[in-house]
Amino acid sequence: MNRRQLLQTGLAMGALAASPLSAAPKIPKYDVPEKYLPRYVTLRVDLPAYQIHLLPDEFALYWTLPDRKAIRYTCGIGRPGLYEPGEYYVGAKKEFPSWTPTPEMIERDPASYAKYKDGLEGSLSNPLGARALYLFQPGRGDTFLRIHGTDKPNTIGRAVSNGCARLVNDQIADLYERVPLETRVKLYHKMGT
């Protein structure tokens, strides 16, 4: 291919490959109680920096920083029986991810989920919201658990999801920018279980 053909091919591919960032939906700031806003905290224990630690009894997700510091986000977690503690890593990250209910979700609640069996395009109001961190485990791969966004602030600080952790969309967008692929994620056991 000569230089002219390469240039034409490149221009054509660029025109087809992506939409401008200005076309992406703007993420609004969500009106949540002050106690649910992200905040810098000092940890009681020394944890390695740049990891995610989720304490379900506190509905708290911590992004750890050096010197026993962290950013604390308030999150929603999985309903009883659906929360899955364990060690994970961020195996994928997606902006405005599409969503398809798992077969288990459809089986548990066909009235709510069967109509979405072919999936939904990404948007602020889709069940994964503006951003999603996909949780993987060695040997298992994608666990279908996510740390994701929501446009429903009333679900934060509650156990309402199908196993995933959720933050309001503007807060997941903030966390998403901080977290690289392969980040270690620890979902702790609920107290007494």
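Is D174 buried, partly exposed or exposed? D174 is partly exposed, with a relative accessible area of 30%, where buried means under 20% relative accessible area, exposed over 50% and partly exposed in between (1.4 Å probe, protein chains only). The structure is a predicted model, in which local features need pLDDT of at least 70 and side-chain atom pairs count only at pLDDT 80 or more, while totals for chains, interfaces and linings use all residues. Residues are numbered from 1 along each chain as its sequence is written, and side-chain values use heavy atoms, with hydrogens and water left out.

The secondary structure consists of 4 helices and 11 strands, taken as DSSP runs numbered from the N terminus (helices H or I, at least four residues; strands E, at least two). The protein has 193 residues, of which 41% count as buried. Its accessible surface is about 11200 Å², with 55% belonging to carbon and sulfur atoms; the areas come from the Shrake-Rupley method with a 1.4 Å probe, and for residues only the protein chains shown count as cover. Of the contacts (heavy atoms within 4.5 Å) between residues at least 6 apart in sequence, 65% join residues at least 24 apart.

In soluble globular proteins, nonpolar side chains tend to be buried together. The largest nonpolar core in the model contains 25 residues, a nonpolar core being a set of buried Ala, Val, Leu, Ile, Met, Phe, Trp, Tyr and Cys residues joined through side-chain atoms within 4.5 Å. L61, I147 and L175 have the most contacts inside this core. When neighbours within four places in sequence are left aside, the residues in contact with L61 include I147 and L175, together with I52, L54, I71 and L167. H53, R72, Y73 and C75 are also among the contacts of L61.

With 46% relative accessibility, Y50 counts as partly exposed. F59 counts as buried, at 19% relative accessibility.

Side chains of opposite charge can pair when their charged atoms come close. A search of the whole structure finds 8 salt bridges, each defined as a side-chain nitrogen of Lys or Arg within 4 Å of a carboxyl oxygen of Asp or Glu. One of them pairs R140 with E84, with the closest N and O atoms 2.8 Å apart. This pair links distant parts of the chain, 56 residues apart: R140 lies in the loop between β7 (131-137) and β8 (141-150), and E84 in the loop between β5 (77-78) and β6 (86-95). R140 is partly exposed at a relative accessible area of 41%, and E84 is partly exposed at 27%.

A salt bridge between D142 and R146 has its closest N and O atoms 2.7 Å apart. D142 counts as partly exposed at 25% relative accessibility, whereas R146 is buried, with a relative accessible area of 8%. In the salt bridge between D174 and R178, the closest N and O atoms are 3.0 Å apart. Both residues lie in helix α4 (residues 169-178), 4 residues apart, or about one turn of the helix. R178 is partly exposed, with a relative accessible area of 33%. Salt bridges with shared partners also join E87, R184 and K186 into one network.
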